[in-house]
Amino acid sequence: MTLDQTISRERAEVIARAQACGHCLEYTFKKVSVKPASEAHFRELQAVWVVRRICGVCGLETEMGLDADGDIVFLG
């Protein structure tokens with residue numbers, strides 16, 4: 001799988017922002033960071049992008065992995 005066959009970084013950010021905070025259920029994030037997934041994440045979970053988010057309301061920091069189609073493969 002190459003990056004040209006996957007969703008774009010911008011699309012990954014839109015998908016991440018469209019998911020509510022797991023704690024307060026708000027959609028406001030003060031920081032969203034999208035980076036390519038590590039080789040280990042790709043091998044084990046088929047994650048292409050790893051997104052780190054900080055909620056703008058409660059401050060909860062979460063991490064999610066997105067596969068090539070934009071589906072969430074892990075959330076923590």
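A contact is counted here where heavy atoms lie within 4.5 Å.

1. Basis of the note. This is a predicted model, in which local features need pLDDT of at least 70, side-chain atom pairs count only at pLDDT 80 or more, and totals for chains, interfaces and linings use all residues. Residues are numbered from 1 along each chain as its sequence is written, and side-chain values use heavy atoms, with hydrogens and water left out.

2. Fold outline. The protein has two helices and four strands, in the order α-β-α-β-β-β from the N terminus. Helices (H or I, at least four residues) and strands (E, at least two) are DSSP runs, numbered from the N terminus. The radius of gyration is 12 Å, close to the 11 Å of the globule rule for 76 residues, so the protein is as compact as a globular protein of that length. That radius is taken over C-alpha atoms, and the globule rule is 2.2 Å times the number of residues to the power 0.38. Along the principal axes, the C-alpha trace spans about 35 × 20 × 15 Å.

3. Contacts and surface. Of the contacts between residues at least 6 apart in sequence, 42% join residues at least 24 apart. Buried residues account for 34% of the 76 residues; buried means under 20% relative accessible area, exposed over 50%, and partly exposed in between (1.4 Å probe, protein chains only). The accessible surface comes to about 4800 Å², and 50% of this belongs to carbon and sulfur atoms. Accessible areas come from the Shrake-Rupley method with a 1.4 Å probe; for residues, only the protein chains shown count as cover.

4. Charge. There are 9 positive and 11 negative side chains, and the centres of the two sets lie 8 Å apart. Lys and Arg count as positive and Asp and Glu as negative, while His and the chain ends are not counted. Each charge is placed at NZ of Lys, CZ of Arg, CG of Asp or CD of Glu.

5. Nonpolar core. Such a core is a set of buried Ala, Val, Leu, Ile, Met, Phe, Trp, Tyr and Cys residues joined through side-chain atoms within 4.5 Å. The largest one holds 15 residues, of which Ile7, Ala12, Val34, Trp49, Val51 and Leu66 touch the most other members. At least two residues of this core come from each of α1 (9–17), β1 (29–36), β2 (49–55) and β3. Leaving aside residues up to four places away in sequence, Val34 touches Arg9, Ala12, Glu13, Trp49, Val50 and Val51.

6. Thr62. This residue lies in strand β3 (residues 61–66). Thr62 is buried, with a relative accessible area of 11%. Beyond residues up to four places away in sequence, the partners of Thr62 are Val51, Arg52, Arg53 and Gly76.

7. Not counting residues up to four places away in sequence, Ala47 touches Ala37, His41, Phe42, Gly65, Leu66, Asp67, Val73 and Phe74.

8. Backbone points to check. Gln46 has a positive phi of about 60° although it is not a glycine. Leu25, also not a glycine, has a positive phi of about 65°. Leu25 is placed in the loop between α1 and β1 and counts as exposed, at 61% relative accessibility.
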